[in-house]
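Hi everyone, thanks for making the time. Have a look at the model on the screen, and I'll walk you through a few parts of it.

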Amino acid sequence: MKIIVAKTAGFCWGVSRAIDLVMKAANEGHSPIYTDGALIHNPQVLKVLEESEIHVSSNIDNVSEGTIAIRAHGITPERRTHLKEKGLKIVDATCPHVGGIQGIVKKHTHEGYSIVIVGERGHPEVIGLLGFTQGRGYLIDVDEDIERMPELPPNKVCIVAQSTQSRARLHEVTEKVRQIYPNALMFDTLCDVTADRQDEILEMAKEVDLMIVVGGKNSGNTQRMAELSREAGVRTFHIETEDEISASDVEGSQLIGLTAGASTPDWMIKRVYQKLENIAQNLIPVTV
Ligand code: SF4
């Protein structure tokens, strides 16, 4: 049994930056730090952060001391104003790539455009982006959302995507929106980190007979990676920790692909790798 590890597995630069920023604030004595929602979608990392007094706050309105951290997904301008009014120290860990999408939305909203966002309903990044549209933002999660859009000024439609959407989905929605608004502008706002991971998993799927995808069960980008692998016809496990893998799961596999979502730390990937190696060493070779 052989294991190949994806080159793109593990933290993306936006998540690394967010964690570095909050850890720096903690080390400089600004604890307790409260993140406005989960900093990243990975329960194991959140547990480690808790040990440095970095807590997830489900209701930041109740926080009256310490520091508030804005997560990588970003927030609406109203929410930012509200947090500032609390008078507490703020650590802004909004990913610069997401900040760039917010900038495009803000600029085009000011120029009178209606903004079509290709994304996932309820995702914090999408909620943040909609906050920049002055009520002229339309989320396209499923195709029916296109039919539900009101009639828009024809030459003032701008399409962007949540950073972790697939390129195929962005182009599919753009084509459908342009059937109604042929002059609609489109900005490819996808983060290459996501596209590179998706490309690599599809390449690996051509070779491996089992794929292990490590990452938070609530992480959208990790879920999509596992879906892609399954769609490519490979037996796939989406796990958070090494405890979810047993010898019977991997028995009979010749080549295992190991990859991880953007919010999975290297130490967790190493633990899973180690567990797979231990299983491989203990498997009794089949003799004919
Ligand atoms: S996936 Fe891309 S956009 Fe999202 S946090 Fe990472 S670097 Fe930023």
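Let's start with a pair of charges: Glu28 forms a salt bridge with Lys24, and their closest N and O atoms are 3.3 Å apart. By salt bridge I mean a side-chain nitrogen of Lys or Arg within 4 Å of a carboxyl oxygen of Asp or Glu. Glu28 counts as partly exposed, at 48% relative accessibility. For that scale, buried is under 20% relative accessible area, exposed is over 50%, and partly exposed is in between, with a 1.4 Å probe and protein chains only.

Before I go further, a word on where this comes from. This is a predicted model, so local features need pLDDT of at least 70 and side-chain atom pairs count only at pLDDT 80 or more, while totals for chains, interfaces and linings use all residues. Residues are numbered from 1 along each chain as its sequence is written, and side-chain values use heavy atoms, with hydrogens and water left out.

Back to the charges. How many salt bridges are there by this rule? The count comes to 15. One of them joins Arg224 to Glu120, with the closest N and O atoms 3.6 Å apart. That pair links distant parts of the chain, 104 residues apart: Arg224 is in helix H9, and Glu120 is in the loop between S6 and H5. When I say helix or strand, these are DSSP runs numbered from the N terminus, helices being H or I with at least four residues and strands being E with at least two. Arg224 counts as buried at 18% relative accessibility, whereas Glu120 is partly exposed at 26%.

Now compare Arg148 and Asp145, whose side chains meet in a salt bridge at 2.6 Å, N to O. They sit three residues apart in helix H6 (residues 144-148), so about one helical turn separates them.

Two strands pair here if DSSP finds at least two bridges between them. Strand S6 (residues 114-118) and strand S8 (residues 157-161) run parallel and are joined by five bridges. Within that pairing, Ser114 stands opposite Val157 in S8. Contact means heavy atoms within 4.5 Å, and the axes are lines fitted to C-alpha atoms, for helices over the stretch in contact, with angles from 0 to 180 degrees between N-to-C directions.

On to the interior. In soluble globular proteins, nonpolar side chains tend to be buried together. I call a set of buried Ala, Val, Leu, Ile, Met, Phe, Trp, Tyr and Cys residues a nonpolar core if they are joined through side-chain atoms within 4.5 Å. The largest one here has 27 residues, and Met211, Ile212, Val214 and Leu276 touch the most other members. Helix H8 (192-205), strand S10 (210-214), helix H9 (220-231), strand S12 (255-260) and helix H11 (266-282) each supply at least two residues of this core. Beyond its neighbours within four places in sequence, Leu276 is in contact with Met1, Ile3, Ile212, Ile245, Val250 and Ile256. Another core lies apart from this one, with 24 residues, among them Ile33, Val45, Ala93 and Ala262.

Most residues other than glycine have a negative phi, and most peptide bonds are trans. Yet the bond from Ser31 to Pro32 is cis, with omega near -5 degrees, and Pro32 sits in the loop between helix H1 (13-27) and strand S2 (33-36). Glu53, not a glycine, has a positive phi of about 65 degrees. Gln134 is not a glycine either, and has a positive phi of about 50 degrees. Gln134 is exposed, at 53% relative accessible area.
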